[in-house]
Amino acid sequence: MSDTPVQRDTSTTAAVIPAAGRGVRLGPGAPKALRTLNGTPMLIHAVRAMAASRSVSLVVVVAPPDGAAEVASLVDEFQLPTGTEVLVVPGGETRQQSVALGIAVLPASVTTVLVHDAARPLVPVETVDAVIETVRNGAAAVVPAVPLADTVKQVDPRPDGGPEPVVATPERARLRAVQTPQGFDRELLARAHATVTGDVTDDASMVEQLGVQVVVVPGHEEAFKVTRPLDLVLAEAVLARRRANHGF
Ligand code: CTP
Ligand code: MG
């Protein structure tokens, strides 16, 4: 790893989309990434969001372990912008395993990798491009993030369901809610996945554990994660607003 910024103008950028989760918090039904928003599966929205960037030439979809064939036929069925190749691979039991399985099939030519949750189907292309540009300008790890609306309390969790004592209140102005796509130098991301163990909820935290600097760029309110049933309502409202404003 060099300390001087490296210009990666000739780099190939790929996006890995972990889409293998069940979506337990969304409730019973199909795996979350296959649930539809305005008739189109969430993971297709997510693939289109990545392919919308002119810099992204390959998208790797990490499908539910028993659903790779179904996902591959969905990718064929729904129209995607030309010039972007899509690969589908089966995922694993955890998000980390799924991302690692996606990284494993990247061709050697790929130097910049985005990792993007299928559960964030509506991220605008401006956010995708901002992440890619920051990596190409020399940052090894980049996350989009937004300020918090809520005050956050650290608590002492009580598995018995009793009232949880508050331990601390971090200063809200210094906190950010982190989104995806997160962008990485390919070698760094591969090293993080090869060496860091333990439960993590994003890829950047694995890079942090290697002691490498992660930087933040502005995220977007439309890059929210579809997690609970109300998020489906919000996502369809965003699509309706886009249709009203732009005719699509
Ligand atoms: N993911 C994955 N493989 C897993 C678990 C999660 O690829 N074994 C993906 C999900 O498909 C999702 C992203 O990681 O796109 C973020 O995870 P999350 O929002 O937690 O989705 P789920 O794990 O599916 O939802 P839940 O935690 O409610 O079950
Ligand atoms: Mg999950």
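User: If buried means under 20% relative accessible area, exposed over 50% and partly exposed in between (1.4 Å probe, protein chains only), which residues of H1 are buried?

Analyst: In this predicted model, local features need pLDDT of at least 70 and side-chain atom pairs pLDDT 80 or more, while totals for chains, interfaces and linings use all residues, and side-chain values use heavy atoms, without hydrogens and water. Residues are numbered from 1 along each chain as its sequence is written, chains being lettered from A and ligands numbered from 1 in the order in which they are written. The buried residues of H1 are Met-42, Leu-43, Ile-44, His-45, Ala-46, Val-47, Ala-49, Met-50 and Ala-51.

User: How much of the area that ligand 1 exposes when taken alone does the protein bury?

Analyst: The ligand is surrounded by 18 residues, each with a heavy atom within 4 Å, and the closest are Pro-18, Ala-20, Val-24, Arg-25 and Ser-98. Backbone N or O atoms approach oxygen atoms of ligand 1, at 2.8 Å for Pro-18 and 3.3 Å for Ala-119, while a polar backbone atom of Ala-19 is 3.3 Å from an oxygen atom of the ligand. Taken alone, ligand 1 exposes 570 Å² (Shrake-Rupley method, 1.4 Å probe), and the part of this area that the protein buries is 87%.

User: Which residues does a cis peptide bond join?

Analyst: Most peptide bonds are trans. The cis bond described here has an omega of about 10 degrees, and its proline, Pro-181, is placed in the loop between strand E10 (176–178) and strand E11 (182–185). The two residues joined by this cis peptide bond are Thr-180 and Pro-181.

User: What is the phi of Asn-38?

Analyst: Asn-38 lies in the loop between strand E2 (36–37) and strand E3 (40–41), and it is partly exposed because its relative accessible area is 33%. Most residues other than glycine have a negative phi. Asn-38 is not a glycine, yet its phi is positive, at about 50 degrees.

Methods:
A polar contact is a pair of N or O atoms within 3.5 Å; within protein, one must be able to donate a hydrogen and the other to accept it, and residues adjacent in sequence count only if both atoms are side-chain atoms. Helices (H or I, at least four residues) and strands (E, at least two) are DSSP runs, numbered from the N terminus.
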